[in-house]
Amino acid sequence: MLFLTATTGAVDLVNISILNAAIVAVLGYAVVFFGLILLMCVITALGKFFIAKDAKAKAAAPAAAAPAAAAAAAPAEKPTAPGSAGQLKLHDVEPKTAAMLMAIVADKMGKPINELRFISIKEVK
Amino acid sequence: MINIGEVLLNLWESSGFAYIFANFGGGGWQNLVMLVIACGLLYLGIVKQFEPLLMVGIAFGCLLTNLPLGGLYHQELWTNFMDATHEAYHSYGVILREGGLLDFFYIGVKTSIYPCLIFMGVGAMTDFGPLLSNPKSLLLGAAAQMGVFVAFFGAILLGFTGPEAASIGIIGGADGPTAIFLTSKLAPHLLGAIAVAAYSYMALIPLIQPPIMNALTSAEDRKIKMVQTRPVSKSEKIIFPILVTIFVALLLPDTAPLIGCLMLGNLAKETGVTDRLSDTMQNALMNIVTILLSTSVGATMVGSTFLTAETLKIVVLGVVAFGLSTAGGLLGGNIMCKLTGGKVNPLIGSAGVSAVPMAARVANTVGQKNNPSNFLLMHAMGPNVAGVIGSAIAAGFLLSVFG
């Protein structure tokens with residue numbers, strides 16, 4: 001077996017046998033999974049940490065903002081355009097470009113634009 | 001008085017034409033065939049636009065190296081360079097003293113400088129946000145490396161040596177720089193064939209993947225709409241490349257050059273304080289390295305090593321590797337779809353085969369064919385960038401075994 005002979009340095013990896021090749025293939029696939037699963041755990045933990053941090057910041061924000069809000073009346077929200085389906089968040093996208101994109105999407109889907117709801121548009125860099 | 005006839009005769013005898021015809025049976029025909037192949041590759045790059053930024057350079061490098069007596073590239077110098085019993089073994093001094101222009105370019109491949117710098121540019125152009133917002137994408141990136149290891153095994157069955165089979169298998173990673181990185185270390189004599197196969201199949205992804213996607217997923221599953229993932233903070237994006245570098249390089253030190261450069265490029269992009277560096281990595285550096293990499297890889301396509309049955313086997317194994325990697329990603333997608341109760345569209349699994357962002361675009365296009373209101377691009381980008389990390393880990397593993 002690959003493991004047993006590798007430790008003694010006797011395995012010929014240039015003219016590798018079919019059995020050893022099969023072991024390398026299975027082991028390699030397993031190593032890729034192992035590495036990426038571990039990475040997934042690390043990224044998930046990182047994400048949870050930041051979600052918790054954001055939640056804390058959001059919870060603290062209204063408490064701090066409440067006295068200030070009482071002192072100064074909040075500015076009235078701008079009314080949305082007639083027929084619109086709510087607010088649209090733009091991330092690194094010019095309003096002109098966003099309008100063009102929405103028109104293209106509506107055209108491709110064959111639906112009137114006021115029947116579609118766009119939540120956010122983000123530039124993929 | 002000067003003998004004009006003698007001058008003209010000398011001129012003819014020192015020309016490449018005379019060389020080809022005088023040595024037609026002893027290699028001249030190979031030069032001619034390789035020139036035709038180079039023109040064919042130029043046609044594919046320019047007219048059919050198969051990865052033109054690389055294909056045009058590879059084809060022109062092939063053209064230059066097969067013009068006899070030009071002295072641009074010397075296969076025999078590199079053969080001696082790799083021969084442990086030869087006095088020129090691992091001697092760059094000999095290359096610099098006796099080599100030609102393309103030999104000097106090729107030093108960058110041999111030392112792995114070009115693939116790593118390309119990875120730096122790729123990192124500077126990649127947004128890992130979709131992966132961070134959905135870390136499970138990494139599983140699809142892993143599943144899509146199936147073709148690498150099945151093609152490796154297939155290559156062994158077809159009579160290739162271990163290091164050659166490893167280099168052929170990595171074509172399934174659909175990642176040009178990784179394939180060049182590994183092949184230049186394990187089987188440099190196959191570099192030309194493997195690079196051409198890898199880049200050709202990457203260009204053919206829109207043709208290769210959709211039939212496999214339709215065969216391995218149900219029409220109902222292809223219509224699944226995925227919910228929007230959470231927004232990712234700037235801090236997460238900055239910490240990610242540092243974390244991945246530490247983690248992956250500790251796990252598989254052989255991947256450190258590739259992962260390190262990929263993540264350095266990404267860090268430069270995300271920090272927001274190194275915009276000039278990021279811009280250079282994405283544009284000027286990337287373009288310069290692409291020119292040097294493509295021409296020097298093309299230069300390795302010398303008739304005596306390219307016109308062999310091995311090249312045909314590599315071409316066949318390459319497409320098998322690509323197909324199986326796509327299938328592996330789709331199987332992973334199907335499993336994830338079932339486990340999440342139909343919340344994951346299995347098509348995004350096919351994007352696990354690196355080839356950023358082409359594979360993600362194909363997943364999006366096939367998804368929209370089945371459901372015009374379905375936008376899978378951002379969801380497919382997660383497995384797509386996970387595939388880059390996955391193929392680098394696969395390359396690191398093969399290098400640690402056969403290097």
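In which helix of chain B does B:Leu44 lie? B:Leu44 belongs to helix α3, residues 24-46 of chain B; helices here are DSSP runs of H or I with at least four residues, numbered from the N terminus. The model is predicted, so local features need pLDDT of at least 70 and side-chain atom pairs count only at pLDDT 80 or more, whereas totals for chains, interfaces and linings use all residues. Residues are numbered from 1 along each chain as its sequence is written, chains are lettered from A in the order in which they are written, and side-chain values use heavy atoms, with hydrogens and water left out.

**Surroundings of B:Leu44**

- B:Leu44 has a relative accessible area of 26% and is therefore partly exposed, a class between buried (under 20%) and exposed (over 50%), computed with a 1.4 Å probe on protein chains only.
- Leaving aside residues up to four places away in sequence, B:Leu44 touches B:Gln49 and B:Phe50, contact being heavy atoms within 4.5 Å.
- The C-alpha atoms of B:Leu44 and B:Ala59 are 9.4 Å apart, with a sequence separation of 15 residues.

**Interface of chains B and A**

- The two chains bury about 3500 Å² between them, 84% of it on carbon and sulfur atoms; buried area is the accessible area (1.4 Å probe) lost when two parts are put together, summed over both.
- In chain B, the residues that lose the most area to chain A are B:Leu138, B:Phe247 and B:Phe397, together 15% of what that side buries.
- Contacts join 48 residues of chain B to 36 residues of chain A.
- One salt bridge is found across the interface, the term requiring a side-chain nitrogen of Lys or Arg within 4 Å of a carboxyl oxygen of Asp or Glu.
- The side chains of B:Asp127 and A:Lys122 form a salt bridge at 3.7 Å, N to O.
- Helix α17 of chain B supplies ten residues, the largest share of the side that touches chain A.

**Aromatic pairs**

- Over all chains, the structure holds eleven aromatic pairs, counted where ring centres of Phe, Tyr or Trp (its six-membered ring) lie within 6.5 Å; planes under 30 degrees apart are stacked, over 60 edge-to-face and the rest tilted.
- B:Phe81 and B:Tyr92 have ring centres 4.8 Å apart and planes at 55°, so this pair is tilted.
- B:Phe81 lies in helix α5 (residues 75-82) and B:Tyr92 in helix α6 (residues 92-98).
- B:Phe81 is buried at 3% relative accessibility, while B:Tyr92 is partly exposed at 28%.
- Ring pairs link B:Phe81 and B:Tyr92 into a cluster with B:Tyr73, B:Trp78 and B:Tyr106.

Technical notes:
Helices (H or I, at least four residues) and strands (E, at least two) are DSSP runs, numbered from the N terminus.
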